Amino acid sequence: MTFLFLLFPSLIAAALAASIRPYRALVGWVNALLSLAALGAAVKFADHAARGGAAPVFGPGELLRADGLSALMMVCVAAVASLVLFLSPGFGRESQYSPSQLRRYQFFINLFIFSMLLTVSANNVGVMWIAIEATTIFSAMLIPLTLTKSSVEASWKYILICSVGIALAFAGTVLGYFDFVTLSGRAENALNWPVLLASAPSLHPEVMKLAFVFLLVGYGTKAGIAPMHTWLPDAHSEAPTPLSATMSGVLLAVALYAVLRWKVVVDATLGGGYTNKLLIALGLLSLVVASFSIVLSRNYKRMLAYSSIEHTGLMCIGLALGPLGVFAAMLHLVNHTAAKSMTFLLAGRVLHRYHTTQIKGVSGLLKTMPGTAGMLAAGLLATIGLPPFGLFISEFALIRAGFATGRPWLMGAVLILLAVAFVAVIGHLNRMLYGAPPEGVAVGEKGGRSLALLSLNVAALVTLGLTLPAPFENLLNQIVRIVSR
Amino acid sequence: MMTLFIVMISAYAAGAPGALLIGRGAFGRGVAALGACAGSAAGLAFGMSAIVSGRSFTLVSAWGLPGVDLMTRLDGLSAFFLIIIGLLGLAVAVYGYGYSVSYERRYSLRMLGAMLNTLLLSLSLLVVADNALTFLISWELMSLSAYWLVLTEHDGAETVRAGVWYIAMTHAGFVALVAMFLLMSGGDLTTSFAGMRANAAVLSPASRNAVFLLALFGYGSKAGIVPLHVWLPMAHPVAPSHVSALMSGVVIKTGIYGLVRVALDLLGGGPVWWGGVVLGVGAVSALLGVLYALMEHDLKRLLAYHSVENIGIILIGVGAGMIFHGYGLMTLAALGFVGGLYHTLNHATFKGLLFLGAGSVLHATHTRNMEEMGGLIKRMPVTALCFLIGAAAISALPPLNGFASEWIVFQSLLEGFNIPKPEVAMIMPIAVGMLALTGGLAVACFVKAFGVTFLAIPRSQEAEHAKEAPLSMRAGMALLALACVALGLAPFAVVPVMGGMLAGLGRLPDTRMDFTLGLSLASPNGFAKMSPALVAAGLLILLCLTPLVMLLLRVNRKLRVSDSWGCGRIGQTPRMEYTATAFAEPLRRVFAELYRPAKELTIDFHPESKYFVQSIEYRSEITPWFEKYLYDPCLWFVRLLAATVRRLQSGSLSAYLVYGAVTLLILLLIARM
Amino acid sequence: MTGYLLEIGQALLALLLAPGLVGFIRWLKARLQGRRGAMPWQPYYDLRKLFGKEVVMSKNASWLFRFAPYVIFATAVAVTLLVPLVAAPLPFDAVGDLLAVVYLLLLGTFFLALAGLDPGTAFGGMGASREVTVAAIAEPTIALAIFGLAVGAGSTNLGRIVAQTLSNPGAVINPGHLLGFTALFVVMIAETGRLPVDNPSTHLELTMIHEAMILEYSGRYLALIEWAAALKLLIFFSLLSNLFLPWGVATTLTPGALGVAVIALVVKLAALAVIVALLETRIAKLRLFRVPELLGVSFVLALLSVTSSFLLR
Amino acid sequence: MNSHDTFFAQLSTLGASVTLLFGVVLLWRRSLGAYIGAFRWQSLVLSAVFALVGYYGHDHELYVVAVVLLALKVFIIPRYLKRLYQRVGGEREAQPYVNIATSLIVAGLLVMLAYAITRPLVMVSKLPTRGGIPLAVGLIFVGLFVIVSRRKALTQIVGFLVLENGIALLAALCTYGIPLIIELGVFLDVLMGFLVMQVIVYHIRDTFESIDVEQLNQLKH
């Protein structure tokens, strides 16, 4: 029942946006409020899971399922969704978009959100695949909201690379299913995750290896793991601000979730070693690529995108570091969601004021928009892992897990790469914050509402940096139990 | 006891948000200063009472937050550093009240006050931390608050650059420290230091060495040892002067604290070469620090380089102690450590004093360039006197505190002949030579600094119209000046206490007895005796006696004031004075090999005849050695890598797809193997 | 008690002898150069004359200018209280050791240099700059010489060193000892501003160091400074003589021994004076930037002396 | 294994190889029209293979799949492709990144690679259709290669569709097709994906006046 509350609001919202023409500000408000219902449902699931309750299932052939892992993802997705919907264009009278554009925006973003929610609540890995493919399609429609050369280019690269990747993931899924079928005949529910997992120990290692390669490369493309990350900086920097916030905040995490689901199954077949090796290799590669790309990046939105790649790589490494690592990675995922969605939205404000994405074009931010500047600084310092923000703790836990599992050299490398990114980001940040603002840029802060909303993220980050609420900790432990059995 | 601790913490903790909320105006500055004052006073009292009682006890274990359990414990060493923090914090807070007036409506006073309190809080937590997590968190908090303080006057490009350098260096150090603690604790950072001690004992020699080297790097980058010192001369000048005093006096000392804590306490000492490395690094830092200071004409940069020098001297003492420790000569080891730590305390006082003095000068003349100062001794007498005391102290002149601690360091080096191996023992005389040269050059440098800044005729309008600093600033300086004198006169009281304080760290004996409480300070096994107090008394008597005798002998007491004699030329202008550059010229020539000065002399003659010179312009700058030969290559390398990685993102869609396809094929093939 | 009296006594003796020593060297040099020269006791007259004259002070100078001479004089006298001139060990041994002596003299130099800068004339600055340069470069040698002596005697306290050397005369002729002596001799020349480092009898701005600094001084202040300079010379002479060849120094406080000690002291001082005088007539002044080389040589000598004293332990 | 099965095996393998052949043909032709034609024939064969598997595997769901596939990939999508092709102007694959001859060689290599890689699958599978599995994987690779090596947006779409076909073939051959509901969902996705791509291609045409992806390199670093 709760599943309906989780999934339907966004569908209704999409329908609303589609049916009411021309666009009215009312639609924006209603959709935003609707998203709260989904959030409530997600929280309910999370609470249930944290209490250690059995995972509820729903629908024909147990289509949907919400164990701890799904619940956490649901909360992240729903939270970011409602944040973004509340900060979407088209609330006030004036907006840089035309009504038709706003209508398109409202329609697709809600479908996008719906497909992400479906991904994380799907029980059947096939359905999961379909949903993820859907996220690509809907978001690709949104990127060229205003037709510019760069936005079109970005969307084309995005949809082509990701569709190919996802197609490969489907091949992987087929192979997994094939192995199951050859073992125990055809079955309707064979693609249901628990069933798959139950029969996993007796599957053929050779086949599962191949399957996992397809899946990792496929879903990894979507998750922005190097070297399949190349679409990410373009898409994230060219998409409308709310979309890039959602993509960077949760879409990557959702794709990573898919990888994780399969990792569990494959591990059950072959033991952890194999998948861990692959994840560490690609994760480290992503770290290298991302942190060095930040050093020379001239465009702040691209810088943020690269930092997302960096953190995805970090999470991959974390997932490969045993229970402690999984705990750290999941914590990191939540923190990163909070931080990145905020920083992208703030970057949008900066862009709106300065009309440039070049770092050197933005100066004296502290003078022109103190509030935004302060929060941007907080967000960026959080992303590079400074106390008292959550990412400090999670990165810390991750490193610790690495040392505990006897990988000091790997962790040394990670620490150094993080340091490189740290210095680079600080340098870029300072260049934006200080100095004299260019002439023609209005001085003074506007739009207190969004800042107020974003301060929720800051609050969350600080809370997670100072303490770990008991229910949250339980939830994470549940996840660890699910992932590393 | 407990109450004092709570008072300290809560005062800082109240001061920070208080300043943040009220911020501006006399009241806001007052709130900030009050929080800092109360906190540091409490800390001072706390440390005193603890160190005198000589007991070490757990303050609070596992307080605050689930998941992150902070553990704090106070032993002699922590108490000692608490005293340093308290003493300097007090002076700085008082001084800052007056100094930050000039920041009103120019820079964010809220940030300044809040961060100052945060910095003091994190420092105090840092030295009482009892597990790695607490230590690292407060370490990072300290670095950050210091970073924001450095960026206070953020509208200068120089300032921002300095900030980035500072945060980069300190973060590199932080990374090393994280790795070190993880190595030492086997992954669990919440284990108390006691547990870590036990754990470190069973580590393999290789990993013990790794821990030591990581510690040296991590703490060295904070302490500013050569070649990790580059951020000091950038960050200290641009920070507000009382912050510079705090950073130079206390923040960089946390590096020393950490090194002693880890190398001596947690690791329980190590092989002799550890000590050798520390000693060598110290000697080099001392010498290079003072040599670069000599060439500086920016008063605060000069002082910053002297911080490098004094960190070097401290490390010489510590290193000697570690060497002796390695040979099991425990009493001598104690002597070395006492020397180093005593100098830590002393440097905190006189360097703090000097930075505050420089701040007053800056406050009055609005320039840091010594070439535009002069004659200030008549316009700001109190500042001049305080600065003179500081200068004499840092030049290790008796009877001030610099002399007392350097004497002990010297003694510990002289005792080097007790080392069984002559080839090792031969390190000591060389160190003695370098230390002595450092001392001599320091004297030269501070003759320059004081003479050019305060004496003779003003070289600029600002200096001409300089006004004495307001009361609060003078009070802050006076406090530290008194501390300099007191610590100089009473080492016989301080040193035994420190001997007791070190007892037990790394199996050091309680050497309280070896350092007699008599008036004269004696090094162990009666190697040498010296009593600054009596020397001071003697000097004082003679200073009074001489005029008295002259009075009795009825010498001519007439005094006529007139022009100074200059080979018959009339009138004297500032341009005739000896400049700081000229003053340092002989030494620049002597050490030309190191400085590699780039000179350029442009003379343009009168068009008629070349015997009439219209103007002579002489410019000469020295090569910043480390930036050029160490850091530039590193940066170049990083940029190279970055440029290479950049090429991946070529913009060509097909290339992107190829990456994916190739990855897929490679992984598939790997999977088949 | 007698000990303390003796301390005072030897300080007074030093004060008394110092100008004479300077005068004696001047006279000797004059004779060696074939001039008649002033009588050895001429400096006493000079001092009296200076004390009689009024002070002319630069209007740029501050209180420091007037305070410095007293400090310089006081440090010199204080050192004479620490150095064993006629007897050892003395009660003040525990007050200051060799390091204290060196740094006290450095304190004097510090104030002298500042006083040189105070009037703001080019000469003063030049002198100060050169003085501190020489002093700084001389430091390591002194420290190493101390190191050598300390290693030999097992202490840096002068009394102990003297006693130790007296107890085993063989030590005197060991190479370390001799090298140390030579090194300290060179340093003495640099510190007391004798040829070839500085020419005490010149007022040519290209060459002068000490004289340039005190150019602005006159009257009683000049007298004090001159006297202090003479004391410094005497101190270094007696350090050289009593630390390296301590025969004659009284170890028992009997009048006889003391008498012998005084005579021995005078003889040694005279001997060193002769050596210095001979040197100064033989060699010319070095260029300022050759001085570091000279001191470098002395540093090497000191290092060798320490090494040998290590190896011969 | 009885004769009935061997016949089925040979048929399926034949179908698979024909499908792959059309993929290779794609590499050989130049004009976009020919591309679309090749794709259409390939889809036709593919649906035939589905029907075949359905018949021998006694799985009636597969008939449905075959029909949908027929409708979708033989009629609907090619029609849209045609219109697209006419709208954006018949630009030829003038010079692909990799010339024809090399492309064909590479395709051969890829198929051999597929054989090497899918060895375990063939070992594991007990189905008579297992012989075609390597060909299916080979088709996937060929599809990838088409996307990578051609520079017209339209060609890339076709390549993507071929890739999809390869996966579908794989599903048919090694598992007699995945559950119907999923299969239908997949088809839906394929359709929507195709439509979106088409829209974006129009965008490209509007903003860049050509659909040569060569010029899509403004965003870099």
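Predicted model: local features only at pLDDT ≥ 70, side-chain atom pairs only at ≥ 80, totals over all residues.
I began with the strand pairing between chains: E5(B) and strand E1 of chain C (residues 55-58) run in the parallel sense, joined over 4 bridges.

Chain B brings 67 residues to it and chain C brings 74. On the chain B side, the elements giving two or more residues include helix H17 (401-414), helix H19 (427-454), helix H23 (532-552), strand E5 (559-562) and helix H24 (580-590). Which element gives the most here? I noted H19(B), with 13 residues. By residue type, this side of chain B divides into 46 nonpolar, 14 polar and 7 charged.

Then I turned to chain D. I found 14 of its residues in contact with 13 residues of chain B. On the chain D side, helix H4 (100-117) and helix H6 (133-149) are the elements that give two or more residues. I counted up the types there as well: 10 nonpolar, 3 polar and 1 charged.

My last stop was helix H22 of chain B, residues 491-502. Its 12 residues reach 16 Å from first C-alpha to last, close to the 16 Å expected at 1.5 Å a residue. Is H22(B) enclosed or open? I noted that 9 of its 12 residues are buried, so H22(B) is largely enclosed by the rest of the structure. Among the buried ones I listed Phe492(B), Val495(B), Met498(B) and Leu502(B). Just past the end of H22(B), I saw that Gly504(B) takes a positive phi of about 95 degrees.

Note on methods. Residues numbered from 1 in each chain as written. Chains lettered and ligands numbered in written order. Expected span 1.5 Å × (residues − 1). Buried ≥ 20, exposed ≤ 12 C-beta atoms within 10 Å, placed from the backbone. Contact = placed C-beta atoms within 7 Å. Nonpolar A, V, L, I, M, F, W, Y, C, P; charged D, E, K, R; others polar. Pairing = 2+ DSSP bridges.
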